[in-house]
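Subject: Structure handover

Hello,

Here is the structure you asked about. Please open it next to this message, then read on for what turned up in it.

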Amino acid sequence: QLNSITRRELSSLQGIDYSYSSLFAEIDPILLPVVLALAGEKHGQNELYRMLIATAPDLVSVVNRRGVLKQKMAENTARVAALNTEYTRQVAA
């Protein structure tokens, strides 16, 4: 595999408009996390960062925001309850 600089230079020589957004346009957003993980693993954080910039809008469209918020609220509620229990125990001691 070529790194992004070499790939960009070769694309320029061939007259091809190279960009990650055009490269990933055909990939289903559900598969993007797997593709990004593999690229980050094989090519390092620099390539991963460039890919994330181009694919962020597609990745955001996959996230169930309402579900994430509900989960976070439940986690926070449980944490508050645990802290209240700990505080009550310390005050009683």
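In which loop is Pro29 found? Pro29 sits in the loop between α2 and α3.

**Overall picture**

Please keep in mind that this is a predicted model. The mean pLDDT of the protein chain is 79. A score of at least 70 is reached by 74% of the residues. Confidence is lowest in helix α2, residues 20–23, with a mean of 58. It is highest in α5, with a mean of 93. Where pLDDT is low, the predicted coordinates should not be read in detail.

The protein chain has 5 helices and 0 strands. Along the sequence, the pattern reads α-α-α-α-α. Of the 93 residues in the protein chain, 14% are buried. The protein chain exposes about 7,500 Å². Carbon and sulfur atoms supply 60% of that area. Now take the contacts in the protein chain with a separation of 6 or more: 51% of them join residues 24 or more positions apart.

Pro29 and Thr55 are 26 residues apart in sequence, yet their C-alpha atoms are 8.4 Å apart in space. Pro29 also pairs up with Pro57 in this sense: 28 residues apart in sequence, 9.4 Å from C-alpha to C-alpha. Pro57 belongs to helix α4, residues 45–62. Pro57 is exposed, because its relative accessible area is 58%.

Along the chain, Ile5 and Glu47 are 42 residues apart. Their C-alpha atoms are separated by 9.8 Å.

**Helix α3: two sides**

Helix α3 covers residues 32–43.

Which residues of α3 are buried? They are Leu32, Leu36 and Ala39. These residues cover an arc of only 65° around the axis, so they lie on the same side of α3. An α-helix has 3.6 residues a turn, so residues three or four places apart point the same way. The face of α3 turned away from the buried side carries exposed residues: Val34, Glu41 and Lys42. After α3 comes Gly44, with a positive phi near 95°.

Helix α5 takes in residues 65–92, which is 28 residues. From first C-alpha to last, α5 reaches 40 Å. That is close to the 40 Å expected at 1.5 Å a residue.

How many of the 28 residues of α5 are buried? The count is 0, and α5 is hardly covered.

**Salt bridges**

Side chains of opposite charge can pair when their charged atoms come close. A search of the whole structure finds 2 salt bridges.

One joins the side chains of Glu75 and Lys72, at 3.8 Å from N to O. Both residues lie in helix α5, 3 residues apart, or about one turn of the helix. Glu75 counts as partly exposed because its relative accessibility is 39%. Lys72 has 45% relative accessibility, so Lys72 counts as partly exposed too.

Glu86 forms a salt bridge with Arg89. Here the closest N and O atoms are 2.6 Å apart. Glu86 and Arg89 both lie in helix α5, again 3 residues apart and about one turn of the helix. Are these two residues buried or exposed? Glu86 counts as partly exposed, because its relative accessibility is 30%. Arg89 has 52% relative accessibility and therefore counts as exposed. The cut-off for exposed is over 50%.

Best wishes

Note on methods
Residues numbered from 1 in each chain as written. Predicted model: local features only at pLDDT ≥ 70, side-chain atom pairs only at ≥ 80, totals over all residues. Heavy atoms only, no water. Helix = DSSP H or I, 4+ residues; strand = E, 2+ residues; numbered from the N terminus. Expected span 1.5 Å × (residues − 1). Buried < 20%, exposed > 50% of the residue type's maximum accessible area, 1.4 Å probe, protein only. pLDDT = per-residue confidence, 0-100. Contact = heavy atoms within 4.5 Å. Areas by Shrake-Rupley, 256 points an atom, 1.4 Å probe, with all protein chains shown as cover. Salt bridge = Lys/Arg side-chain N within 4 Å of Asp/Glu carboxyl O. Arc of directions from axis to C-beta.
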